[in-house]
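Please look at the sequence and the 3D structure shown below before reading on. The report then takes up one topic at a time.

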Amino acid sequence: MKRRPTILDVARAAGVSKSTVSLVLQGSELVREETALTVRDAMARVGYVYNRAAANLRSAQTGLIGLVINDLRNPFFTEFATSMQMALAEQGYATVIGNSDEDPDRQAQLVQSMIEHGVAGLVISPTFGDPGAIMDQIAAAQIPAMQVLRKLDGSAGRIPFASFDYATGGAVATRHLLDEGLTRIAFLGGRPERQITAERASGYVAEMAAAGLTPLVLSGAITRHGGHEAALNLPKDIQAVLCFNDLVALGLMNGLARQGRRVGQDIRLIGFDDIEECAEVWPALSSVSCDIARFGHDTAARLLGWLNGGIVPPDETRAPVTLVARASSLGVQNG
């Protein structure tokens, strides 16, 4: 691992004294603006990251963990963040949580800010798109960092990754629908060029092919609105739909209801993630269950094992999934 750049490196690159660099880092008005710009440019060139709180954290024997989440509005990610934060708190660590809101630029800013404020470790559930200089920032900071649920582009072998066995989940859900005697089954949601969409659809595609059936993968936004809109164009002969996530499935349920197509009778549905709302709607929504609470706890344990014991997590870890079959796929009896 390369040596982390220091203030002295910045000073040499900028042609100024160490004290001048320190004043710039402190935002002092004693430094002329042109000098400050020269110093900041040198910081960028040598890859220096200002760790504002590291000294205080070390002296106080405390720890701060950064957690960057792609979409905290989605209950699946909210539960993960909550579970991880609570597990870290049990071990005496505080967590700072940032929502990137599926914006790569905001994600990069959050990572940079957390590193500057001295997080001891970092966990990212990445947004889609080019991650920019995030991996270089993490490498320069030399802190334990993990990515979960999605992968940063170009991160293979650089940042440990943990997620669920999505391919098996899609396969189990599809076999369940086939066993119910359904043959016209579609997969709905996501974009085919994204890895997580390919993962979640792969088991479905494989099971349909094994049954001698033609798969139908329909792209769309992975939101309630996306599912609701998809109901307008869903072929009338489709008997069942496996959705990218529960939000798509719940939106699709609403859209189908507006068209008079009865879920559990005219058409069967399965979601993915098994958020709490699945058991509360009617008909209850079948879903591929990912134990996100356990996953949050295990992620915290892996990060702390790395931070405190030097135990680096495997390059990739996959947690098991199960199908929770409810009325939306098992069928609703008339009357």
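## Basis of the report

This is a predicted model, in which local features need pLDDT of at least 70 and side-chain atom pairs count only at pLDDT 80 or more, while totals for chains, interfaces and linings use all residues. Residues are numbered from 1 along each chain as its sequence is written, and side-chain values use heavy atoms, with hydrogens and water left out.

## The whole protein

The protein has 13 helices and twelve strands. Both are DSSP runs numbered from the N terminus: helices are H or I with at least four residues, and strands are E with at least two. Along the principal axes, the C-alpha atoms fill a box of roughly 80 × 40 × 35 Å.

Of the 335 residues in the protein, 50% are buried. Buried means under 20% relative accessible area, exposed means over 50%, and partly exposed lies in between, using a 1.4 Å probe and protein chains only. A contact means heavy atoms within 4.5 Å. Among the contacts with a separation of 6 or more, 70% are between residues 24 or more positions apart.

## Helices α1 and α3

Two packed helices are described by the angle between their axes and the distance between the axes. Here the axes are lines fitted to C-alpha atoms, for helices over the stretch in contact, and the angles run from 0 to 180 degrees between N-to-C directions. Helix α1 (residues 7-14) packs on helix α3 (residues 33-46) at an angle of about 120°, and their axes are 8 Å apart. That angle makes α1 oblique to α3. Angles under 35 degrees count as roughly parallel, over 145 as roughly antiparallel, 65 to 115 as roughly perpendicular, and the rest as oblique.

The α1 and α3 crossing is right-handed. A crossing is right-handed if the near helix is turned clockwise from the far one by less than a right angle, and left-handed if anticlockwise. On the α1 side the contact is made by D9, V10, A13 and A14, and on the α3 side by T38, V39, A42, M43, R45 and V46. By class, the residues of this contact are seven nonpolar, one polar and two charged. Ala, Val, Leu, Ile, Met, Phe, Trp, Tyr, Cys and Pro count as nonpolar, Asp, Glu, Lys and Arg as charged, and the others, Gly among them, as polar.

Is helix α7 mostly covered or mostly uncovered? Helix α7 (residues 134-141) is mostly covered, with six of its eight residues buried. The buried residues are I134, M135, Q137, I138, A140 and A141. They pack against α6 (104-116), β3 (121-125) and β4 (145-148). Just after α7, Q142 takes a positive phi of about 55°.

The angle between α6 and α7 is about 5°, with their axes 10 Å apart. The two helices are therefore roughly parallel to each other. In this contact, Q107, A108, V111, Q112 and I115 of α6 meet I134, Q137, I138 and A141 of α7. Six of the contact residues are nonpolar, three are polar and none is charged.

## Helices α8 and α9

Helix α8 (residues 166-179) and helix α9 (residues 195-210) pack at an angle of about 35°, and their axes are 7 Å apart. Their crossing is right-handed. From α8 the contact takes in Y166, A167, G170, A171, T174, R175 and L178, and from α9 it takes in I196, E199, R200, S202, G203, Y204, E207 and M208. The classes are seven nonpolar, four polar and four charged residues.

S202 lies in α9 and counts as partly exposed, at 31% relative accessibility. S202 and T168 are 34 residues apart along the chain, and their C-alpha atoms are separated by 8.5 Å.

## A94 in strand β2

A94 is in strand β2 (residues 93-99) and counts as partly exposed, at 40% relative accessibility. Leaving out residues up to four places away in sequence, A94 touches G63, L64 and I65. A94 and I185 are 91 residues apart in sequence and 46 Å apart in space, C-alpha to C-alpha.

## Cysteines

How many disulfides does the structure hold? The structure holds zero disulfides, a disulfide being a pair of cysteine sulfur atoms within 2.5 Å. For C243, the nearest cysteine sulfur is that of C278, 10 Å away. C243 counts as buried, at 0% relative accessibility. For C290, the nearest cysteine sulfur is again that of C278, 11 Å away. C290 counts as buried, at 4% relative accessibility.
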